[in-house]
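Student: I would like to learn how to read the cores and aromatic rings of a protein model. Could you take me through them step by step?

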Amino acid sequence: QVQLVESGGGLVQTGDSLTLSCTVSKRALNGYDMAWFRQAPGKAREFVAYIRWQGTTLIGDSMKGRFTISKDNAKNTGTLQMTFLKPEDTAVYYCAVPNAPYRAFSSRSSREDAYDNWGQGTQVTVAS
């Protein structure tokens with residue numbers, strides 16, 4: 001079964017930048033979408049960004065202009081670059097991939113239920 005491991009979280013100050021990585025094992029990332037979600041204490045999991053298998057990206061509204069998603073199929077790794085971080089970005093960040101490859105575009109791609117495999121998450125804390 002595919003495994004995902006997030007890394008790169010930590011404690012930063014407001015305005016700082018941080019880059020999260022998601023390493024995928026037991027399956028090639030090529031041909032698969034990847035998404036990032038986050039969950040703050042006491043809140044529902046929130047869509048952050050996705051990158052489709054062919055490279056199209058979508059960033060959540062509150063992250064546009066600050067976050068960038070990418071993936072390196074050769075390294076089987078996805079990356080979420082976060083800049084101008086705010087205290088409200090504090091959350092556990094999760095990466096996820098679906099079971100099906102070469103998925104057609106769907107508005108569901110920003111929903112949790114569009115993804116079958118999840119990492120354990122990495123904590124990002126932004127101090128004010």
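Tutor: We shall begin with the nonpolar cores and then turn to the aromatic rings.

Tutor: This is a predicted model, in which local features need pLDDT of at least 70 and side-chain atom pairs count only at pLDDT 80 or more, while totals for chains, interfaces and linings use all residues. Residues are numbered from 1 along each chain as its sequence is written, and side-chain values use heavy atoms, with hydrogens and water left out.

Student: Which residues touch the most other members of the largest nonpolar core?

Tutor: A nonpolar core is a set of buried Ala, Val, Leu, Ile, Met, Phe, Trp, Tyr and Cys residues joined through side-chain atoms within 4.5 Å, where buried means under 20% relative accessible area, exposed over 50%, and partly exposed in between, with a 1.4 Å probe and protein chains only. Here the largest core has 28 residues, and those that touch the most other members are W36, F67, L80, M82 and Y93. Among the elements that give two or more residues to this core are β4 (34-39), β8 (77-82) and β9 (91-97); strands are DSSP runs (E, at least two residues), numbered from the N terminus. A second, separate core of seven residues includes F37, F47, A114 and Y115.

Student: How is a pair of aromatic rings described, and how many such pairs does a search of the whole structure find?

Tutor: A pair is described by the distance of the centres and the angle of the planes. Rings of Phe, Tyr and Trp (its six-membered ring) pair if their centres lie within 6.5 Å, and planes under 30 degrees apart count as stacked, over 60 as edge-to-face and the rest as tilted. The search finds five aromatic pairs. In one of them, F37 and Y115 lie 5.8 Å apart centre to centre with 70° between the planes, an edge-to-face arrangement. This pair links distant parts of the chain, since F37 is in strand β4 and Y115 is in the loop between β9 and β10 (117-118), 78 residues apart.

Student: Are F37 and Y115 buried or exposed?

Tutor: F37 is buried, with a relative accessible area of 1%, and Y115, at 4% relative accessibility, counts as buried. Both belong to one aromatic cluster, formed by F37, F47, Y50, Y115 and W118.

Student: What sits over the ring of Y115?

Tutor: A charge sits over a ring if NZ of Lys or CZ of Arg is within 6 Å of the ring centre and within 35 degrees of the ring normal. For Y115, the charged end of R103 sits over the ring, 5.1 Å from its centre.

How values were computed. Helices (H or I, at least four residues) and strands (E, at least two) are DSSP runs, numbered from the N terminus.
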